[in-house]
Amino acid sequence: MKKITFAIAIFCFTFFLSQNKENKRYFSTQYILKNSNDTIRAKIRNTGIYSNKKYSLYTILMKMKMVDSDGNTIWIKPKEIKYIKITDNENVEYEYFDSNEKFLKEEGLVRVIYEGKNINWYQSFDNPKLLTNITFKGYIVDKNKNIIDEYYFEDSKNRFKKLFKDYPDLQEKVKSLRTDEDYIDILKLYDVRLDKQ
């Protein structure tokens, strides 16, 4: 009898631990499908390469596993999403939009880095060979959704220098840019100048 009780206790403990571990892999999400305007709330399975505890971009690059409040599982392709916001277990939010909502090219889901009155900056992600490295592309877009420049993200400094060719003072500031916030600050200055034209 002791062996049966012990075996049941071990089974219950193992089952509880595996369920708790699996729940940490799911993050809260809100999304809107392209064929609807309804906001759907669910949990999305995080697809990390090395860990499922920290949010990974791979979560939105492939078919996404959603679990609704009733426990039903739904698989959604990225190309079916108009908007998605994911909140990880540390309350950090990640928002992505269908590229067609932001500019005139189909690039899947994009992250908004800066949206101003006259100029916008977006980032897309791609992993065509399903490897561990993701390709990041930048898009500088005008207020009419026309792409001014499209480039690989590591070339941002050179592209910004080219964008500011008529503004030597802004070109000089590009040399010291390091973070997204630095780039956003200089885009704000550029946006004001475009407004005065």
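Lys105 and Glu150 form a salt bridge (a side-chain nitrogen of Lys or Arg within 4 Å of a carboxyl oxygen of Asp or Glu), and their closest N and O atoms are 2.8 Å apart. Lys105 lies in the loop between helix H3 (99-102) and E7, while Glu150 belongs to strand E10 (residues 147-152), so the pair ties together parts that are 45 residues apart in sequence. This is a predicted model, in which local features need pLDDT of at least 70 and side-chain atom pairs count only at pLDDT 80 or more, whereas totals for chains, interfaces and linings use all residues. Residues are numbered from 1 along each chain as its sequence is written, and side-chain values use heavy atoms, with hydrogens and water left out.

**Salt bridges**
- Lys105, Glu107, Lys137 and Glu150 are linked in a network of salt bridges, and a search of the whole structure finds twelve salt bridges.
- Lys34 forms a salt bridge with Asp98, with the closest N and O atoms 3.4 Å apart.
- Asp98 is buried at a relative accessible area of 4%, whereas Lys34 is partly exposed at 35% (buried means under 20% relative accessible area, exposed over 50%, and partly exposed in between, with a 1.4 Å probe and protein chains only).

**Confidence**
- The chain averages a pLDDT (the predictor's confidence in each residue, from 0 to 100) of 88, and 87% of the residues score at least 70.

Methods. Helix = DSSP H or I, 4+ residues; strand = E, 2+ residues; numbered from the N terminus.
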